[in-house]
Amino acid sequence: MNKSVGYALLAGLAAVVVLISTAIFVGFGGENSGPGRASHKPRDPAAPAISGQWVGTWSAAAAAAEPGTLDGYAGMSIRNVVHTSVGGSGARIQLSNLYGTRPLPVSHASLALAAAPSNPTAAAGTMRRLSFGGRPAVTIPAGGAVTSDPVRLNVPHDADLLVTTYSPSPSGPATYHPYARQTSYLARGDRTEDTTGAAYTEQSPYWRYLTGVDVWSTKAHGTVVAIGDSITDGITSTAGANHRWTDFLAARLRDEPGAPRYGVLNQGISGNRLLVNGSRFSPNNGPSVLSRLDRDVLSRTGVKAVIVEVGLNDLFKSPRQLDPEKIVAGMRQIVREAHARGLRVTGSTLTPFGGHRGYSDQLNSVREQVNRIIRAGTVYDQVVDFDKALRDPVAPVRLLPAYDSGDHLHPSDAGNQAMANALNLDDLKRTAPAEL
């Protein structure tokens, strides 16, 4: 064989390798019609010979239509800052127009690692342009959602990501999550792939349009989804510190020997109720847990376990539900729907609120009746006793002072840590639903 023929053969082989590699990467992401939906088993873009899977690393529930945004954010770049629970070698995002009244055009979207915590500047070499069905732009119908194509990116665990979207024209009310406890940013014009944060001069305490980030992982084996109210949302945790109880749970799942290696998704909404929907324009209610269970929990990527913390707002808010059996019936409905998907549910007792402006002996009596039924083991597959974990042993109707954020209802950072510590991680490994 002469040299020219040999070189030609080598070049041909190299071309074949490139084509195969490209096919593997393009094929590993599945469809973008919704969270966790794929037309075929995905392949790992970084190491196709090693098994892996998509898992959820971050999420926020779509809570309401943002007041004052009847035309959306036309001509604005929105840079959401979010924090990962687990890492991976590739990533994709979910965008929602759930509360939009018109189609939402997204002409440009990107993903990058943040150069520093809570900072709009991208880490060097990490900016990735996102596509949707192979196209650089997408229009999300009113009430709809979309998942991006995957991109190769080494995503660390316990790190901030920058997810930026740009809409060129009016789109109707923005779907948002109001109590992010995280600073995000806005810039005028299309600054989607700006690596510096110089143009992002407007700060925001909200997450807009973005409802999820998945990573392709060979280390994490699934996702645990927590759904609840402001206690799960982390409304009084330190802003920017990632000190919600779900963040502390994510650390336990990453670090503790024998713990299931799961990503953690937080689907808490402040003001949320179990049984009653809030207004679509209310920033402090959201759709009820029962009405959003499928979208926000059961259909999330790689879900293996469910944790439920809800019920206090059904006591507080008008119309009040003071029948403990009706509250427990709603909890049992959650479990039935989860069992239909082969998922077990860990449910929490209702936490103390003595000293809060909404406290009354009557409401506390209902709370204690609900807790007795939950502890009897006839509601959830497993029980996490957040009441016991947070209450003051000297005055059990109140939070322990060290665990009280100051409003006598929501836990402090130390209280959030105590909640995460109260979970039995072995319960999250179990697969067969319990006989209730």
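**Aromatic pairs**

Ring pairs join Phe-316, Phe-353 and Tyr-359 into a cluster. The model is a predicted one.

Q: Why is the pair of Phe-316 and Phe-353 called edge-to-face?
A: The angle between the planes is 85 degrees, and over 60 counts as edge-to-face. The centres are 4.9 Å apart, and rings pair if their centres lie within 6.5 Å.

Q: What parts of the chain does the pair of Phe-316 and Phe-353 link?
A: Phe-316 is in helix H5 (residues 312-316), while Phe-353 is in the loop between strand S20 (345-348) and helix H7 (361-375). The two are 37 residues apart, and the pair links distant parts of the chain.

Q: Why does Phe-316 count as buried?
A: Its relative accessible area is 16%, and buried means under 20%.

Q: What makes Phe-353 buried?
A: Phe-353 has 0% relative accessibility, so it counts as buried.

Q: How many aromatic pairs does the structure hold?
A: The structure holds six. In one of them, the rings of Trp-245 and Phe-386 have their centres 5.4 Å apart and their planes at 65 degrees.

Q: Why is the pair of Trp-245 and Phe-386 edge-to-face?
A: The planes stand at 65 degrees, so the pair is edge-to-face; the cut-off is over 60. Trp-245 belongs to helix H3 and Phe-386 to helix H8 (residues 386-390), 141 residues apart, and the pair links distant parts of the chain. Both Trp-245 and Phe-386 are buried.

Q: Why are H3 and H9 called oblique to each other?
A: The axes of helix H3 (residues 245-255) and helix H9 (residues 413-422) cross at roughly 50 degrees. Angles under 35 degrees count as roughly parallel and 65 to 115 as roughly perpendicular. H3 and H9 are therefore oblique. Their axes come within 8 Å, and the crossing of H3 and H9 is right-handed.

Q: Which residues make the contact of H3 with H9?
A: From H3 they are Trp-245, Phe-248, Leu-249 and Arg-252. From H9 they are Asp-413, Asn-416, Gln-417, Met-419, Ala-420 and Asn-421. By class, the contact of H3 with H9 has five nonpolar, three polar and two charged residues.

Q: What makes H6 oblique to H7?
A: The axes of H6 and H7 cross at roughly 45 degrees and come within 9 Å. That angle makes H6 oblique to H7, since roughly parallel needs an angle under 35 degrees and roughly perpendicular one of 65 to 115. The crossing of H6 with H7 is right-handed.

Q: Which residues form the contact of H6 with H7?
A: H6 contributes Pro-324, Glu-325, Ile-327, Val-328, Met-331 and Arg-332, and H7 contributes Val-366, Gln-369, Val-370, Ile-373 and Ile-374. The residues of the contact of H6 with H7 divide into eight nonpolar, one polar and two charged.

**Buried leucines and H4**

Q: Why is H4 described as mostly covered?
A: Seven of the 10 residues of H4 are buried. They are Val-289, Leu-290, Arg-292, Leu-293, Asp-296, Val-297 and Leu-298. The buried residues of H4 pack against strand S17 (222-228), strand S18 (262-268), strand S19 (303-309) and helix H6 (324-340).

Q: How do you know that Leu-290 counts as buried?
A: Leu-290, in helix H4 (residues 289-298), has 18% relative accessibility, and the cut-off for buried is under 20%. Leaving out residues up to four places away in sequence, Leu-290 touches Leu-274, Leu-275, Gly-330, Gln-333 and Ile-334. Leu-290 and Glu-337 are 47 residues apart in sequence, with a C-alpha to C-alpha separation of 9.5 Å.

Q: Why does Leu-425 count as buried?
A: Leu-425 lies in helix H10 (residues 425-429). Its relative accessibility is 7%, and buried means under 20%. Not counting residues up to four places away in sequence, Leu-425 touches Leu-249, Arg-252, Leu-253, Glu-256, Ala-259 and Pro-260. Leu-425 and Leu-253 are 172 residues apart along the chain, and their C-alpha atoms are separated by 7.8 Å.

Note on methods
Residues numbered from 1 in each chain as written. Predicted model: local features only at pLDDT ≥ 70, side-chain atom pairs only at ≥ 80, totals over all residues. Heavy atoms only, no water. Helix = DSSP H or I, 4+ residues; strand = E, 2+ residues; numbered from the N terminus. Buried < 20%, exposed > 50% of the residue type's maximum accessible area, 1.4 Å probe, protein only. Contact = heavy atoms within 4.5 Å. Axes fitted to C-alpha atoms, helices over the stretch in contact; angles between N-to-C directions. Parallel < 35°, antiparallel > 145°, perpendicular 65-115°, else oblique. Left-handed = near helix turned anticlockwise from the far one by under 90°. Nonpolar A, V, L, I, M, F, W, Y, C, P; charged D, E, K, R; others polar. Phe/Tyr/Trp six-rings, centres within 6.5 Å; stacked < 30°, edge-to-face > 60°.
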